[in-house]
Amino acid sequence: MDFEFTEEQELFRKSIREYCQKNLAPRLFDIEDGGRIPQDIIEGLANMGILAMTASPEKGGAGADAVTAGIAGEEIGRADVSCATAVFYLVPTAWGYVFNKYGDSELSKKVLSKVAKGRAFIGIATTEPAAGSDLANIRMLAVKKGSTYILNGEKMYTSGVKEVMELLPEAGGFLTLAKTDPSKGTRGMSLFYVPIKEVSGEVSVTYLREMGRRGISTGGFSLKDVEVPEENMVGPENRGFYICMEGFDFARSIISVVCCGAAMSALETAMDYIKQRNVFGNPLAKYEGVQFKLAENYAKLDAVRLLGYKALWMFDKEQREGKFTRFEVTRVAAEAKMLAPWVAFDAVNDAMQWYGAYGYMAECPLQIALRGIRSYMWAEGATEIMKIIVARELLGKEYIAYR
Ligand SMILES: Cc1cc2nc3c(=O)[nH]c(=O)nc-3n(C[C@H](O)[C@H](O)[C@H](O)COP(=O)(O)OP(=O)(O)OC[C@H]3O[C@@H](n4cnc5c(N)ncnc54)[C@H](O)[C@@H]3O)c2cc1C
């Protein structure tokens with residue numbers, strides 16, 4: 001066993017932490033209240049070399065491993081506890097990795113090099129108005145016509161729609177899951193890169209108002225007879241669902257360390273507060289009722305954070321050395337994603353209590369963290385689906401209820 005990061009990873013963390021604490025943390029309210037991540041912050045992250053860092057160097061990335069990508073996610077989560085910047089970072093990190101690995105090399109180079117410069121976004125679009133957890137029932141259809149595919153259908157609750165349509169100078173697009181052989185369920189789905197702002201055909205977008213993580217948009221898009229060239233297919237035909245599972249494993253693992261980062265940072269802020277707030281003649285920090293909650297929550301976060309890094313480490317081992325099976329990685333990633341948002345949410349919620357009435361005020365940063373972390377009880381796969389995955393791996397596929 002070795003719980004140490006490499007020397008390079010420690011140096012990397014130090015530089016990202018310094019950057020994020022200086023440039024990102026003071027802008028928390030700008031991001032949450034302004035409804036977008038200011039472009040200078042995005043370009044700052046690009047200059048640090050962390051956007052699309054998992055893409056290969058010839059495509060504008062750094063060929064970064066998953067653990068290193070997790071470190072950047074955790075530090076961003078610590079600084080912008082709303083999780084908006086973390087979403088902006090982690091979605092292209094995980095799904096850019098998938099695009100880099102399975103996408104057409106010219107197309108992925110063109111797109112990822114723009115993402116790496118902070119000028120475009122690459123997101124994931126699996127969820128639809130009538131199918132989220134139950135992806136076998138998506139309706140988006142892709143029909144081959146010569147050397148193109150014609151897409152029809154609607155995606156919903158997609159992170160980054162406004163970033164692509166309006167906010168980023170060079171747009172970007174979404175890895176979009178569609179049925180190419182509807183008779184085959186998940187074995188008849190393919191993944192397409194769809195640059196929704198640039199495609200021919202009818203595209204209409206919806207923007208949604210959210211409870212938290214307001215610095216990044218969530219929306220939907222509907223495609224009517226939208227034509228994409230066949231090179232926009234990511235990976236082989238009818239393998240889209242399984243390719244998505246690789247992206248989910250990666251994204252879920254980063255999310256778990258992001259949630260822990262945001263909650264640990266909120267706990268640290270709260271620790272300063274309880275040391276200086278006097279109640280009944282003592283600082284709040286002296287009371288064991290407060291200390292016990294702090295200790296319990298910190299220990300849980302510490303444990304889940306390690307599980308998140310274990311998932312990232314396993315992802316690297318599987319992808320780079322073939323050491324674990326896909327299913328082993330999927331299980332551990334699901335374990336981490338199942339626990340992290342809840343443990344983080346409880347930690348922040350308990351710490352808010354120590355603030356008294358101030359905890360309920362808009363100026364208290366903890367409420368921003370609470371609302372942001374809550375999103376991860378659904379985004380990139382809901383908690384219940386994580387439980388189904390873990391149970392499936394423990395009991396065997398014959399115990400899946402939906403077969
Ligand atoms: C902030 C945010 C950002 C998102 N960003 C994206 C994105 O970028 N791209 C994208 O494709 N999607 C995105 N999503 C959607 C997300 O992936 C879905 O919300 C998630 O997969 C659940 O799907 P659903 O919302 O349709 O819920 P449903 O599938 O309708 O499920 C409803 C509830 O029932 C639970 N449930 C389902 N099946 C069972 C069962 N068998 N037993 C018990 N409980 C069950 C679910 O866990 C959930 O809590 C985002 C969601 C949020 C909240």
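The chat below takes these topics in turn.

Q: Before we start, what kind of model is this, and how are residues numbered?
A: This is a predicted model, in which local features need pLDDT of at least 70 and side-chain atom pairs count only at pLDDT 80 or more, while totals for chains, interfaces and linings use all residues. Residues are numbered from 1 along each chain as its sequence is written, and side-chain values use heavy atoms, with hydrogens and water left out.

Q: OK, α4 then: how many residues, and what does it span?
A: Helix α4 covers residues 66–79, which is 14 residues, and reaches 20 Å from its first C-alpha to its last, close to the 20 Å expected at 1.5 Å a residue. Helices here are DSSP runs of H or I with at least four residues, strands are runs of E with at least two, and both are numbered from the N terminus; the expected span is 1.5 Å times one less than the number of residues.

Q: Is α4 mostly covered or exposed?
A: Mostly covered, since 14 of its 14 residues are buried, where buried means under 20% relative accessible area, exposed over 50% and partly exposed in between, with a 1.4 Å probe and protein chains only.

Q: And what does α4 pack on?
A: α4 packs with helix α9 (residues 288–321) at an angle of about 145°, their axes being 8 Å apart; axes are lines fitted to C-alpha atoms over the stretch in contact, and angles run from 0 to 180 degrees between N-to-C directions. The contact (heavy atoms within 4.5 Å) includes Gly 70 and Ile 71 of α4 and Tyr 309 and Trp 313 of α9.

Q: Switching to the ligand, which residues come nearest?
A: Of the 21 residues around the ligand, the nearest are Thr 127, Ser 133, Tyr 157, Glu 384 and Tyr 402, counting a residue as near if one of its heavy atoms lies within 4 Å.

Q: What does Glu 384 do there at the atom level?
A: A polar side-chain atom of Glu 384 lies 2.5 Å from an oxygen atom of the ligand, whereas for Thr 126 a backbone N or O atom is 2.8 Å from a ligand oxygen.

Q: Last one: which phi value does Cys 83 have, and where does it sit?
A: Cys 83 has a positive phi of about 75° although it is not a glycine, and its place is in the loop between α4 and α5 (84–102). Cys 83 counts as buried, at 0% relative accessibility.

Methods
Polar contact = N/O pair within 3.5 Å; in protein donor to acceptor, adjacent residues only side chain to side chain.
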